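Hi! Here is the structure I said I'd pass on. Have a look at it first, and my notes follow below.

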Amino acid sequence: MAYLDNSATTRVCPEAVEAMVRCMREGFYNPSGVYRPAVDAFREVRACREAVLKAVHGEDCDLIFTSGGTEANNLAILGSVARMRGPQVVAVSAVEHPSVRESFEALRAQGHDVRVVGVTETGELRWDEMERALDDGASLVSCMQVNNETGAILDVERLHRLIAGRALLHVDGVQGFLRVPFSMKHAEMYTLSGHKIHAPKGIGALVVKKGVRLAPRQIGGGQENNLRSGTENTPGIAGLRAAVGAMLARGDVAAALMEKKLRLLSAFQEAVPALQVNGPAPEDGAPHIVNLSFPGVRGETMLHALEASGVYASTGSACSSKKRKVSPVLLAMGLSPDRAECALRFSLCPDTADSEIDEAARALKGAYDALKRFQRR
């Protein structure tokens, strides 16, 4: 078996499993309680908060635990605009995750002026379009740190300089957290999700600079500074803290991942010389994601052929893969519909073994050689 779909989700690491089991068996108390075991549970939640903030250099920030990246993105985008007066100009890139893209569509439906900023064929922002949106008074900008389909990396520092305090910047860091460097000195809000870094599903967070005003998306008990009511998911938080610690203990994760990615690309190019790389040059993109097209073979067809050999990849965003035929992200980058339809995403983690890459390359060669005979002419 070769699991190459780590951008969809990762295997929970042993450290996180142990922390969660310990929390459920021994530290199951409600952290809002005032007796000693509950206070200990509260301290565990605080320790996770501090660990995540340290990892993103967010010492002057607050952290709000959420159910994952989607909720955190919704809170950042809808919550910040809800605190602004009157119709706003807001800007978003054309290649965002559905949880961001559809949040901006909700803002459009409320009467706000949404500017969709295009990207180049490598996934880089069209900086002139972003500058025009800012000159027209954009008050919120949202872009992802690492594109979940192509691995294109946002130049956050350049965007921060361009904004120059004129707007709030929200960065969706779900695919970048702990794999691509980031500092909160370059943004006002940052989203992360636990299950992308070997923590469990159902836990994420929004990092927010102090002073940024948000309207809650759910109300009730007043947890998380009145921004996310509901009893904290203490097992998930324990798992997140342990997973962050385990990732940091690995050292230079990015370098190790890039070595695996380039090895995968070399093996795949040998297996299928006709393959095409979509997005940035592999060495310029995120170290764990590569998007490839196999001319003449639909991505979905190739996906199932690989699955039959125990190789697991993806046609794109796991949150929308069941809804669409062709990736809107690839189309926004200017790929032809035929090339976009033939695309697959392969994504790695620090535990991806060389043997998995070799197995996938063998399966890929067999599948492509068999399927290309049936390509449409």
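Predicted model: local features only at pLDDT ≥ 70, side-chain atom pairs only at ≥ 80, totals over all residues.

Residues are numbered from 1 along each chain as its sequence is written, and side-chain values use heavy atoms, with hydrogens and water left out.

What do I mean by a cavity? On a 1 Å grid over the protein atoms alone, a cavity is a set of points where a 1.4 Å probe fits but cannot get out; a pocket is an open set with protein on both sides within 12 Å along at least five of seven lines, and lining residues have an atom within 4 Å of a point. Grid points are joined across faces, edges and corners, and a volume is the space filled by probe spheres set on the points.

By this rule there are three cavities of 30 Å³ or more. The largest cavity holds about 150 Å³ and has 18 lining residues, with Val95, Gly123, Leu125, Met144 and Leu154 nearest its centre.

Of its 17 lining residues, Arg22, Cys23, Gly27, Glu44 and Ala238 lie nearest the centre. Helix α2 gives the most to this lining, with six residues. (Helices are DSSP runs of H or I, at least four residues, and strands are runs of E, at least two, numbered from the N terminus.)

On to the sheet! It is open, with seven strands in the order β2-β8-β7-β6-β5-β3-β4 and mixed pairing; two strands pair if DSSP finds at least two bridges between them. β2 (61-66) and β4 (113-117) are at the edges with a single partner strand each, so one side of each has no neighbour in the sheet. Elsewhere, β5 (residues 138-144) and β6 (residues 168-172) pair in the parallel sense over five bridges, and Cys143 has Val171 in β6 as its bridge partner.
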